Every structure is written in structure tokens, then in C-alpha cells.
Amino acid sequence: MADNNKRRRKDPIGDELPFKNKLKSDVSILETLKDFSTASSSSSVSQTLTLQDLTLPFRCREVADLSLSSVQSNIESLILKIAHSIISGQGFSFDVPSRSATNQLYVPELDRIVLKDKSSQRPFANISTVRKSAITARIIQLIHQLCLKGIHVTKRDLFYTDVKLFQDQIQSDAVLDDVSCMLGCTRSSLNVVAAEKGVVVGRLIFSDNGDMIDCTKMGMGGKAIPPNIDRVGDMQSDALFILLVEKDAAYMRLAEDRFYNRFPCIIVTAKGQPDVATRLFLRKMKTELKLPVLALVDSDPYGLKILSVYGCGSKNMSYDSANLTTPDIKWLGVRPSDLDKYKIPEQCRLPMTEQDIKTGKDMLEEDFVKKNPGWVEELTLMVKTKQKAEIQALSTFGFQYLSEVYLPLKLQQKDWL
């Protein structure tokens with residue numbers, strides 16, 4: 001009988017979740033979200049500033065989406081120029097735009113990183129650059145073949161066409177970005193894509209190569225984001241916002257709980273470091289659907305770094321920041337101040353390493369962080385307390401605390417930066 005009573009004893013988790021008593025009704029939270037979504041839609045219409053609209057003291061280099069025929073024409077013009085240089089006895093050299101940190105600049109008016117117009121020579125008749133020149137020529141040849149055949153390949157496919165020359169995929173990938181910049185086109189214009197990585201689930205319908213996809217009917221795993229953004233079109237949604245999630249574990253929790261049905265939204269993740277396809281897909285959703293984007297990342301310097309790549313661009317691909325960045329992403333959580341605010345236990349917090357602290361201090365010097373006082377305050381607190389935490393730290397209050405309490409309360413209080 002005693003055992004039966006024990007079995008009947010009520011589990012306290014769920015009724016006594018911290019801060020659950022502060023939650024208003026879902027109807028009230030939805031009204032708040034509707035106002036936020038409407039205001040965001042109105043502001044996104046007016047934000048159409050481009051690099052050409054600014055008068056900067058230096059020239060900048062930006063690429064554009066080009067057709068295969070235009071890419072082919074640019075390659076042939078480049079090769080003819082090189083052939084003429086060889087015939088005239090001046091040798092063989094590539095004029096390669098510099099993608100070094102010193103040639104990049106954050107432009108506050110655009111809220112993204114841009115590439116300045118400095119370039120350097122990559123001569124074949126020089127022992128320090130001969131191999132890289134050969135790799136550049138080989139990559140250009142392969143891209144020309146893709147243009148003629150009209151097919152797509154992955155970066156891995158490209159690497160395996162000449163493993164002995166490339167030696168490491170990092171080298172072929174880097175030269176691929178150089179070639180994209182040289183030809184003045186986006187990397188997707190070269191018909192070279194990365195393997196599928198990002199996934200999306202929630203209140204979104206779109207066409208993928210002519211097939212209509214309903215992301216509410218894709219199960220817990222969601223729909224893989226197509227590596228070729230040209231396949232995507234006809235986006236439709238009744239969502240009130242886009243929830244950008246850093247990690248797969250948090251994404252799976254929200255997908256399984258059908259969070260997007262309780263609060264109409266689209267949930268997307270790149271499962272860590274943002275890939276090009278996910279960045280392009282996020283920008284396309286933001287541009288076409290005119291929805292606000294809220295980001296859920298770990299409370300550590302790398303979480304904020306990932307958020308900044310989506311919002312301001314990566315230094316590695318600053319030449320294509322106009323196409324790869326999504327403006328005005330709000331930092332929803334998990335923020336350093338949340339650790340005390342939500343009473344995250346000490347055993348769920350992690351001490352920052354020396355490298356973590358250095359990364360945090362370096363980020364405080366970045367212009368895109370300085371522009372947002374809230375970010376500066378949160379990052380300063382993180383470096384001061386020397387504590388970090390993952391999104392999963394919220395699971396200490398229950399596996400569904402993220403979807404049942406934390407996110408609804410954040411949305412109710414408009415607690416984003």
C-alpha cells in the first residue's frame with residue numbers, strides 16, 4: 001500500500017516551475033507578438049540603404065548574382081587577358097582581391113562588414129605563390145566546366161577532382177572564395193554548394209525546385225535547407241516571427257513540442273556555425289516575409305559570434321555581405337544576465353577558459369558590438385563573472401522549461417536586444 005501511495009504521489013515538476021506564475025495567457029502574449037511583428041514589417045520596408053547610397057572615403061568591392069553565361073564570359077575574358085600577358089612577355093599573374101582583416105571594415109549605416117578594394121598579385125613565376133597560382137587556375141578551369149554543363153557540385157566534389165594539387169579542402173575552399181571575388185559574382189553563381197546542413201520547421205510553405213513544402217508537416221527533423229537557394233521560391237507564412245536557434249538540441253526540443261503552433265513562428269538552425277545556405281535562406285525569409293528575427297544562442301562569446309555572422313557577416317566572406325547578412329536580428333537569449341535572473345544553478349554554469357575571456361574581450365572591441373549598448377553590457381558582464389552557459393542549462397528545471405516557460409516569458413516581456 002505504501003508503494004502504491006508513492007506511485008500516486010504527484011510530480012512537482014511542471015506546477016512549480018520557476019517563474020511560470022509570471023506567465024500571462026497565450027492570447028495576451030500573441031497580442032504582444034502581433035504588435036512587434038507589425039512594427040518590424042513597417043521598419044523593414046524603409047530600410048533599403050545600400051553601399052551605393054553612401055559616400056565612403058574609400059572604394060569597396062561587392063559581388064552580385066550572375067547568370068552562368070555571365071560567369072563563363074567573365075572567365076573567358078580573364079583567361080584572354082592572361083594569355084595576352086604571357087604572349088607579350090610579361091608573365092602570368094592573377095590580380096586577387098585581398099580578403100585580409102586589414103582590408104575589411106564595418107559600416108554602421110549598413111550594419112555589416114564590407115570589403116575594401118585593395119588587391120594583390122599572385123604571380124606564377126614566384127616560388128612563394130606558384131602553387132597557389134596553379135590552384136587558382138585549376139579552380140577557374142573547373143568552374144568553366146560547370147558553366148558549360150550547367151550542373152551543380154559540392155565543395156567536396158571540387159576538392160576530389162585534384163586531391164594531389166589541393167592537398168587539403170581548406171585550400172581549395174579559400175581559393176574558391178578568391179575566384180568568386182575575382183569574377184565579381186556570389187559563390188552560388190559558380191554552381192558550387194556546400195552539403196546540406198541547416199534545417200527549418202514551422203509555419204512556412206515554400207517551393208523547392210517546383211515541389212511545395214509545408215514545414216509544419218516535416219516531423220521533428222524538419223526540412224533540410226536546400227544548398228542551392230535558386231531552387232527556393234513562393235514563400236508563404238502566417239508566422240509572427242522567425243526563431244533562429246544556434247544548436248540542434250534546442251531546435252529538436254522546440255520542434256517536438258510544436259512550439260510553432262503555440263506561438264506561430266518559423267524555427268531555423270544551422271546546427272552551430274552558420275553555413276552559406278542557411279544564411280541565404282534566412283535573409284530570403286526576412287526579405288520576402290518581412291518578419292522579425294529573434295536569436296537563441298548559448299551564453300558564451302561564441303554564441304554572440306555566431307549571431308554576429310548572421311547579422312553583420314563573416315570576415316571570410318565580407319565581399320558577399322550584402323547577400324549573406326540578415327539585418328536587425330534581436331538577441332533573445334540565453335544572455336549572461338539571464339543566469340541570475342532565471343536562477344540558473346551554479347552547477348549548470350561553466351567557468352570561462354582563458355581563450356573564452358580573450359575572445360569576449362576581443363569582441364568588445366568590435367564596432368558592431370560597440371554599436372549596441374545592450375550587447376556591450378551583456379558581454380562585459382560575461383567577462384566580469386567569467387561564467388558561461390549553454391541553452392541546455394535551462395533543462396535543470398525540466399526538459400520542457402525552454403518551450404514552456406523561458407521563451408514564452410521572454411516573448412511576453414519583449415526581453416530582447
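Me: Which residues of α3 meet Ile140, Ile143, His144, Cys147 and Leu148 in α4?
Reply: Here, contact means heavy atoms within 4.5 Å. Helices are DSSP runs of H or I with at least four residues, strands are runs of E with at least two, and both are numbered from the N terminus. The α3 residues that meet this part of α4 are Leu68, Val71, Gln72, Ile75, Glu76, Leu78 and Ile79.

Me: How many residues of this contact are nonpolar, polar and charged?
Reply: Ala, Val, Leu, Ile, Met, Phe, Trp, Tyr, Cys and Pro count as nonpolar; Asp, Glu, Lys and Arg count as charged; the others, Gly among them, count as polar. By that scheme, the contact of α3 with α4 has two polar residues, one charged and, as nonpolar ones, nine.

Me: What kind of model is this, and what is left out of its side-chain values?
Reply: This is a predicted model, where local features need pLDDT of at least 70 and side-chain atom pairs pLDDT 80 or more, while totals for chains, interfaces and linings use all residues. Residues are numbered from 1 along each chain as its sequence is written, and side-chain values use heavy atoms, leaving out hydrogens and water.

Me: At what angle do α3 and α4 pack?
Reply: Axes are lines fitted to C-alpha atoms, for helices over the stretch in contact, and angles run from 0 to 180 degrees between N-to-C directions. The axes of α3 (residues 68-87) and α4 (residues 130-149) are 9 Å apart. The angle is about 145 degrees.

Me: Which hand does the crossing of α14 and α16 have?
Reply: A crossing is left-handed if the near helix is turned anticlockwise from the far one by less than a right angle, and right-handed if clockwise. α14 (residues 354-364) and α16 (residues 373-385) have axes 10 Å apart. The way α14 passes α16 is left-handed.

Me: Which residues of α16 does α14 meet?
Reply: On the α14 side are Ile357, Gly360, Lys361, Met363 and Leu364. The contact has six nonpolar, two polar and one charged residues. The α16 partners are Val376, Leu379, Thr380 and Val383.

Me: Is Arg187 buried or exposed?
Reply: Buried means under 20% relative accessible area, exposed over 50%, and partly exposed in between, with a 1.4 Å probe and protein chains only. Arg187 lies in the loop between α7 and β7. Beyond four places in sequence, its contacts include Lys155, Asp177, Tyr319 and Asp320. With a relative accessible area of 7%, Arg187 is buried.

Me: What is the relative accessibility of Ser98?
Reply: Ser98 sits in the loop between β2 and β3. Leaving out residues up to four places away, Ser98 touches Asn103, Leu115, Lys118 and Ser119. Ser98 counts as buried, because its relative accessibility is 12%.
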